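My entries follow, in the order I looked things up.

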Amino acid sequence: MNVFQALIQNGKDPVLLLLVQVGLILGFSRLLGMAFARLRQPQVVGEMLAGIMLGPSLFGWLFPHAWAMVFPATTLFYLNVLSQIGVIYFLFLVGLELNPRLLRNRGHAAVVISHVSILAPFLLGVTLTLLLYTRLFNHAPHMQFRSVALFIGASMSITAFPVLARILTERNLHKSRVGAISITCAAVDDVTAWCMLAFVIGVARAQGLRSGLITAVLALVYIVLMFFVVRPFLRRLQYLYERQQRLSQHLVGLMFLLVLVSAYITEVIGIHALFGAFILGAMMPKGSAFVHAITEKLEDFTVILLLPIFFAYTGLNMRIGSINNAEMWFYCGLIIFVACLGKFGGSTLAARACGLGWREAGAVGILMNTRGLMELVILNIGRELGVITDAVFAMMVIMALVTTALTTPILHLVFPKEKMEQEESGDAGGGYSVLIPVAMPSSGGPLVQLADALTGTDDPDRRILALYLKRPIDRDAYRVEVEDEPPEQLRPLQPLLEQAKLNSIPVTPVVFTSRDVASDISRTARMRNVDLILMGFHNPVYTASILGGTVHRVLTGSDSDVAIYVDRAVTAPSRILVPFLGSKHDRLALELAGRMARNKKVSVTVLHVVPPGHDTREHQLNAKTHTDRIFGDPTQPL
């Protein structure tokens, strides 16, 4: 142990020290991220907080000697390099998954709200700088008011597109009017904010008018070349991938090299390396297997390893002790208030003016106020450029955390789940309806055939819903692509949909993310007003009961009738046996058999079972009454 401490303290083995630092960062960020996910917060909030807690604001404050030993100032350079590489590739991923379809044909409301959600916080940020400049920037005379004001305005205007997308998908709001408007506005904000930031960086780095004009001209030339030279070249790479049907190491290496080259060019131009990575990602052909393959190759390493290092490096540079009196905390609260007023207030009023109700407008404003990781990226750029002080940096980081953490709980209050269910339950028809939750793709074909027999081809109003509940994936917190029903989401339903198409069975697929499968099956059945939940039987993991696990919870928690199908490889039922004891469950089984007999012309045998000691005549009478009611008159509604 003494040898280990000596190695770290003396800094004689930087590789060993870096391994300790990265291991500590990775482990702590994963633990805190999972804890925040259990609290229904985006995991990225926990990871951001973990990085700050490892800095001097908590770890260094509680254990100064240990913190100085683990994170000596001489080693921060290595963490900075790793974090910058991570952010470069992360911005490439953000641009890679930014779909231009989100920016087109989204209506008047999205255009107005997106513009107001940028202009309002930008103008308020510039106005706030007039108040804070002499109070917080007077000890740094080299900071020009113009650069500071532009930067504060730009940082107030940002919306964390990836985090917003995660919140929408987790609450299944991405197909609602609120979700469609919010995601469109966030996409517009993202593109506009990065263009605005590139301008601010160019102004901050420019040495006079001549230097600024050169930067502007070079940036314009770079954009033109990206559109007319690099973009066609990327499409050729896509064709190469489609021809080879695999992503070769040479192709992966070429893409990684292109990211670095683009980042290098924009850094040399004077508009920062991150802008080059983002633009290259935006130039990639969208919605293709090539893009998804590149994303899968790059995403895990960037998100799981490199981004937590960026959060930690941010935390190591954040000194909350610089906010050391009541006046400074007042300014911190003022920054948070102005940030929320600009984003939430501007977006809400704009949405209301475009015809949305106050509840919907408030939901849009809350979502647009999410800043998250993108804010930290911008703040680190500002600190690097020297346009913000350590105190302002700490205040703005707190603002990013507060606005992101408040999004989910306030959204639950303003736009509760009950309200969402009310809006989504408007598709109920008059015919018989069946919900098929699909856990195993192979069970989909037999289930849809059975549902077809139960609903009947003679019922024009029948409804068959195929439900697939996705498990949430950690890295979705950083994904921005929210498509309606991308092919990979419908893949588990493919056998069911193919069988339905083959037999001309009308099926509506329903796909969304779920953290509680049983509850969401019951909730969907209630929302869609279905008559029957038809589930396949699967061996429970944690119980030996044949009706345990999710099946048991749906059976006991659903308002709809529930049928469990055990697949015995029977292609088409022709004879049905219904054991009848007289209970309500037996009566439902008899009704279902009657529906199948009417629709598929199968023969049904009712086996009346009388327990010992009961009056035989009474039970025979009940059995005959129910059987005659169901099978005696084909026109009798079931």
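How many cavities of 30 Å³ or more does the count come to? I get 4 cavities of 30 Å³ or more. I worked on a 1 Å grid over the protein atoms alone, where a cavity is a set of points at which a 1.4 Å probe fits but cannot get out, and lining residues have an atom within 4 Å of a point. Grid points are joined across faces, edges and corners, and a volume is the space filled by probe spheres set on the points.

A note on sources: this is a predicted model, with local features needing pLDDT of at least 70 and side-chain atom pairs counting only at pLDDT 80 or more, while totals for chains, interfaces and linings use all residues. Residues are numbered from 1 along each chain as its sequence is written, and side-chain values use heavy atoms, with hydrogens and water left out.

**Largest cavity.** I find a volume of about 60 Å³ for the largest cavity. Its lining consists of G125, L128, T129, L132, F137, I152, M156, I335, V392 and M396. Helix 7 (107-136), helix 8 (145-157) and helix 18 (390-414) are the elements giving two or more residues to that lining. Helix 7 gives the most, with 4 residues. Helices (H or I, at least four residues) and strands (E, at least two) are DSSP runs, numbered from the N terminus. I sorted the lining into 8 nonpolar, 2 polar and no charged residues; Ala, Val, Leu, Ile, Met, Phe, Trp, Tyr, Cys and Pro count as nonpolar, Asp, Glu, Lys and Arg as charged, and the others, Gly among them, as polar.

**Whole protein.** I count 26 helices and 7 strands. Of the 638 residues, 52% count as buried (under 20% relative accessible area, with exposed over 50% and partly exposed in between; 1.4 Å probe, protein chains only).

**Helix 23.** I looked at residues 517-527 and found 9 of the 11 buried. D520 is found in this helix. Why does D520 count as buried? Its relative accessibility is 9%, so D520 counts as buried. Leaving aside neighbours within four places in sequence, D520 is in contact (heavy atoms within 4.5 Å) with L469, F512, T513, S514 and R515. Just after helix 23, I noted a positive phi of about 55° at N529.

**Helix 16 and I181.** Helix 16 (residues 358-368) is mostly covered too, with 9 of its 11 residues buried; V364 is one of them. I then followed V364 to I181, as the two are in contact. I181 lies in helix 10 (residues 177-205) and counts as buried because its relative accessibility is 8%. Beyond neighbours within four places in sequence, the contacts of I181 also include A109, I113 and L356. I181 and A109 are 72 residues apart in sequence and 7.4 Å apart in space, C-alpha to C-alpha.

**Rings.** My search of the whole structure gives 8 aromatic pairs. One is F310 with F311, a tilted pair at 5.9 Å centre to centre and 55° between the planes. Rings of Phe, Tyr and Trp (its six-membered ring) pair if their centres lie within 6.5 Å; planes under 30 degrees apart count as stacked, over 60 as edge-to-face and the rest as tilted. Both F310 and F311 are buried. Ring pairs also link F59, F63 and F71 into a cluster. Last, I found R383 over the face of F393, at 5.9 Å from the ring centre (a charge sits over a ring if NZ of Lys or CZ of Arg is within 6 Å of the ring centre and within 35 degrees of the ring normal).

Terms used: 1 Å grid on protein atoms, 1.4 Å probe; cavity = no way out; pocket = protein on both sides within 12 Å on 5 of 7 lines; lining within 4 Å.
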